[in-house]
Amino acid sequence: MRLSALDIQNHRFATSWRGLDPTEVETFLRLVAEDFEQLVRESQGLRDKVRALETRIEDLAANEHALRETLVTAQALSEDLKRTAVKESELMISEAEVKGEKILDAAHRRAAKLAEDIREMKALKSRLGAAVRATVETHLELLGSLTTEPADEDPLLEGKVAYLTRRSHAGEA
């Protein structure tokens, strides 16, 4: 049976012809000592538990602090990575735009060169046509002058003239 502080304060020992009953006093003191010893053990156990919990709280606080620092570091690293990724993507886009512009410029230069080559070829065709026409006309004039002059009858010359005349008439048709 546990004694309360009030039980201890209100306890009255029975008196005998020589004073207090020694058996009752010893029994009461034994009960008080047992309760006191149990309370001391409980108190010590609670103190130990409080110390363990305080240690655990300190460990958890240290872990919380480390986690907060890690989180702050991770957030900063994440922001750095984002900024780096944005810069790299902007750089890649810029490089692609420059490359695209170079390719487009080269294509325009190639198209201009091809257009110039076509114009030159047309001009060459025109000049060649005019040169061939002038040559044919010169030969026709020569043939015409040869046929109007009385010539000594040279059968070889006559054959060449006839051949050239037929060719010139065939070319006009």
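**Reading salt bridges along a helix**

Tutor: Lysine 82 has a relative accessibility of 48% and therefore counts as partly exposed. Please bear in mind that this is a predicted model.

Student: With which residue does the side chain of lysine 82 meet in a salt bridge?

Tutor: Let us take the general idea before the case. Side chains of opposite charge can pair when their charged atoms come close. Here, the partner of lysine 82 is glutamate 79, and the N to O distance in this salt bridge is 3.8 Å. The cut-off for such a pair is within 4 Å.

Student: How far apart are aspartate 48 and arginine 51 in helix α2?

Tutor: They are three residues apart in helix α2, which spans residues 22–148, and so about one helical turn separates them.

Student: How are aspartate 48 and arginine 51 classed by accessibility?

Tutor: One reads the relative accessibility against two cut-offs: a residue is buried under 20% and exposed over 50%, with partly exposed in between. Aspartate 48, at 38%, is therefore partly exposed. Arginine 51, at 45%, is likewise partly exposed.

Student: What is the N to O distance in the salt bridge of aspartate 105 and arginine 109?

Tutor: Their side chains meet at 3.2 Å. Aspartate 105 and arginine 109 are four residues apart in helix α2, so the separation is about one helical turn.

Student: Is arginine 109 buried or exposed?

Tutor: Arginine 109 counts as exposed because its relative accessibility is 52%. Aspartate 105, in contrast, is partly exposed, with a relative accessible area of 40%.

Student: How far apart in space are alanine 130 and glutamate 101?

Tutor: From C-alpha to C-alpha they are 43 Å apart, with a sequence separation of 29 residues. Alanine 130 is placed in helix α2. At 43% relative accessibility, alanine 130 counts as partly exposed.

Terms used: Residues numbered from 1 in each chain as written. Predicted model: local features only at pLDDT ≥ 70, side-chain atom pairs only at ≥ 80, totals over all residues. Heavy atoms only, no water. Helix = DSSP H or I, 4+ residues; strand = E, 2+ residues; numbered from the N terminus. Buried < 20%, exposed > 50% of the residue type's maximum accessible area, 1.4 Å probe, protein only.
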